[in-house]
Amino acid sequence: PPYGGIASNLYHLLPELAKNGFNVTSVTFSKLDKTISSGKMTNIFVNKKRYCARNVLSVILLFLKSIELKNELKLKELFVLCVSAKYLIDKIDALKIDYFFVYDNLQGYNIPIIRKILGNKIIIVFQILGDYYLSPERYIKHKKYNNIILNNSDLVFSSSSYCAKSAKELF
């Protein structure tokens, strides 16, 4: 897609997937809880704080199961990841999703937790973006964890050479 980040990329990608027969569900963590459906596309908006409050015990259980993945992450960072990962795991199971597409470097942090719980039940596709340029210290600080992310992805790609080159310093 033309330069413009995630919104531009998804604006073109999601309708094409639906047009080619895929049922497409996107999840956005936001302040709102709402679902918008149209044809073969569903956009789900989830408030992580509310989700955590309603599912605190299952999030804590996932956190305990995932503690070995921690590496350089702080415990609080891992717990926050477990909130989003738990929601995604539940959706993957409920909707019987075969392909899980992650389109954001930070959302990729969910990949090791999801893989640990679901194993090879799903194919995980990870699209890296140019955020490595914007916040290199964050990703360098979590270098081991980022390698776990890549090793738990079935396919890693980038939509542009600009974004792909942003990972050069890290990997």
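# Strands, helices and loops in a predicted model

Lys96 belongs to the loop that runs between α4 and β4 (99-102). The model is predicted.

Q: At 67% relative accessibility, is Lys96 buried or exposed?
A: Residues count as exposed over 50% relative accessible area. Lys96 has 67% relative accessibility, so Lys96 counts as exposed.

Q: What is the order of the three strands in the open sheet?
A: The edge strands, each pairing on one side only, are β1 (24-29) and β2 (34-38). From one strand to the next, the twist averages 15 degrees. The pairing in this sheet is mixed, and the order is β1-β3-β2.

Q: How many bridges join β2 and strand β3?
A: Two of the pairings can be named: Ser37 has Thr42 as its bridge partner in β3, and Ser38 stands opposite Met41. β2 and strand β3 (residues 41-46) pair in the antiparallel sense, and the number of bridges is five.

Q: Which residue in the turn of the β2 and β3 hairpin has a positive phi?
A: The hairpin has two residues between its strands. In the turn, a positive phi of about 60 degrees belongs to Gly39.

Q: How many of the five residues of β2 are buried?
A: A residue is buried if its relative accessible area is under 20%. β2 is hardly covered, and its count of buried residues is zero.

Q: Which helix lies across β1 and β3?
A: This helix spans residues 75-95 and runs at about 165 degrees to β1. Cys82 is found in it. The helix is α4.

Q: What is the relative accessible area of Cys82?
A: Leaving aside neighbours within four places in sequence, Cys82 is in contact with Val59, Leu62, Phe63, Ser66 and Ile113. The cut-off for a buried residue is under 20%. Cys82 is buried because its relative accessible area is 0%.

Q: How far apart in space are Cys82 and Ile67, C-alpha to C-alpha?
A: In sequence, Cys82 and Ile67 are 15 residues apart. In space, the C-alpha to C-alpha distance between Cys82 and Ile67 is 9.9 Å.

Q: Are α3 and α5 roughly parallel or roughly perpendicular to each other?
A: Helix α3 (residues 56-66) and α5 pack at an angle of about 95 degrees, with their axes 10 Å apart. Angles of 65 to 115 degrees count as roughly perpendicular. α3 and α5 are therefore roughly perpendicular.

Q: How many charged residues are in the contact of α3 with α5?
A: Leu62, Lys65 and Ser66 in α3 meet Ile113, Lys116 and Ile117 in α5. By class, the contact has three nonpolar residues and one polar residue, and the number of charged residues is two.

Q: Which residues in α8 meet Ile111, Pro112 and Ile113 in α5?
A: Helix α5 (residues 111-118) and helix α8 (residues 143-151) pack at an angle of about 50 degrees, with their axes 8 Å apart. The two helices are therefore oblique to each other, and their crossing is left-handed. On the α8 side, the residues are Tyr145, Ile148 and Ile149.

Q: How many nonpolar residues are in the contact of α5 with α8?
A: The contact of α5 with α8 has no polar and no charged residues. Its number of nonpolar residues is six.

Methods: Residues numbered from 1 in each chain as written. Predicted model: local features only at pLDDT ≥ 70, side-chain atom pairs only at ≥ 80, totals over all residues. Heavy atoms only, no water. Pairing = 2+ DSSP bridges. Helix = DSSP H or I, 4+ residues; strand = E, 2+ residues; numbered from the N terminus. Axes fitted to C-alpha atoms, helices over the stretch in contact; angles between N-to-C directions. Contact = heavy atoms within 4.5 Å. Parallel < 35°, antiparallel > 145°, perpendicular 65-115°, else oblique. Left-handed = near helix turned anticlockwise from the far one by under 90°. Nonpolar A, V, L, I, M, F, W, Y, C, P; charged D, E, K, R; others polar. Buried < 20%, exposed > 50% of the residue type's maximum accessible area, 1.4 Å probe, protein only.
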